[in-house]
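Have the chain open in your viewer and try each task before reading its solution.

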Amino acid sequence: MINKIVMLPGDGIGAEVIYAAKEVLEAIAKKFDRQFEFSVHDIGGIAIDRHGTPLPTETVEACKKADAVLLGAVGGPKWDNNPSDLRPERGLLGIRKALDLYANLRPVKGFEKLLHASPLRQDIIQGSDLLIVRELTGGLYFGTPSERRNNGEDVVDTLAYSRKEIERIVDKAFQSAQLRKKHLTSVDKANVLESSKLWREIVEEKKVQYPDVTVEHVLVDACAMKLITNPTDFDVIVTENMFGDILSDEASVLTGSLGMLPSASLAEDGVGLYEPAHGSAPDIAGQGIANPIAMILSAAMMLRYSFEMNEEARAIEKAVEDVLNEGYHTKDLKSHDGTLVNTNEMTALITKAI
Ligand code: ATP
Ligand code: MG
């Protein structure tokens, strides 16, 4: 069986790290006798330059036909002054919507060897290993334009959710918790927001279906604090779109670098999209020094979630950990000892470890 993978390199370091992930997948194919077929398509700024749109129809069609999608990153200063429909980020929001990627899974795991790279106290972050399940297609970021008024005086953003939208993300979170430490933290602002009250009700209804999972409700402001004071208390966190966006950037501090964090965006039974949590990092683009690990770990998530290749996914994760333990690090990991390597060297080390 051939697994068809669409690669969307995008802009900046996205286009650098995605080929690192491809090399690693090729090593996996060789070791485990798997067949991956890659095709490359445009999204973001490069798609604006080449096709006049951040999300060409051809790209959407290719993604819909694929078994999984790998995405680098989109955006950069070149397009910062573009009108809103010609922004690279539109490509990303558009493909999430087109593939109905409602669940964004962001594992945050501190590697022992990188404890020093976080500004937080080592004794606090040691052993942190959590998964943020963020709702990705509703909430504030998708308030329809007609609901958004701006006459220069008043402005409105709409936070809307349907019961179905909340139920499916809550189910995904419970199922994820069952595969981990069986503890779910539902994050909301139910003391103020109507949408959060329904969210909390649905979590309470759903929990009877998952009796093996313990559940707690935490307000988003308290959660923001606990994430950096007691990160090891968490297993799975489930929350709406914007809360999840903010909390996952905050949680990245536990790992020392954005360059370490993978993510998976999943549809109900369609194709999954896998991308690093970081952006296109224009400040270091073109220098060949980006940390490819977030992208490589995203490819591991693809193997696990889209292809059910658990052993292969673990082989990648183990190779990453081994290489880090040997003291190799990219510039963002701010190590005092060991060996500083660039993107290609890090990729070659991980490939060799596999
Ligand atoms: P976006 O708006 O797309 O989320 P951002 O503004 O959050 O982007 P990033 O592009 O993620 O920003 O970069 C934030 C900082 O982290 C930059 O200084 C960047 O160089 C650094 N960074 C991000 N990813 C990596 C990586 N893979 N390797 C090294 N440094 C990185
Ligand atoms: Mg960001």
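Helices (H or I, at least four residues) and strands (E, at least two) are DSSP runs, numbered from the N terminus. The model you are looking at is predicted.

**Exercise 1.** Locate Asp-100 and say what stands out in its backbone.

*Solution.* Start with the placement: Asp-100 sits in the loop that joins helix H4 (88-98) to strand E4 (103-109). Next, look at the backbone angle: phi is positive, about 50°, although Asp-100 is not a glycine. Most residues other than glycine have a negative phi.

**Exercise 2.** Is Asp-100 buried, exposed or partly exposed?

*Solution.* Count the C-beta neighbours inside 10 Å of Asp-100: there are 16. A buried residue needs 20 or more and an exposed one has 12 or fewer, so Asp-100 counts as partly exposed.

**Exercise 3.** Carry out the analysis for Lys-182: which loop holds this residue, and what is its phi?

*Solution.* Lys-182 lies between helix H6 (163-178) and strand E6 (183-188), in the loop. Its phi is positive, about 60°, and Lys-182 is not a glycine. With 14 C-beta neighbours inside 10 Å, Lys-182 counts as partly exposed.

**Exercise 4.** Describe the surroundings of Val-213.

*Solution.* First, find Val-213 in the loop between helix H7 (194-206) and strand E7 (214-219). Then count: 21 other C-beta atoms lie within 10 Å, so Val-213 is buried. Finally, list contacts, leaving out residues up to four places away in sequence: Val-213 touches Phe-174, Ala-177, Gln-178, Lys-182, His-183 and Leu-184.

Methods
Residues are numbered from 1 along each chain as its sequence is written. Chains are lettered from A and ligands numbered from 1 in the order in which they are written. This is a predicted model: local features need pLDDT of at least 70, side-chain atom pairs count only at pLDDT 80 or more; totals for chains, interfaces and linings use all residues. Two residues are in contact if their C-beta atoms, placed from the backbone, lie within 7 Å.
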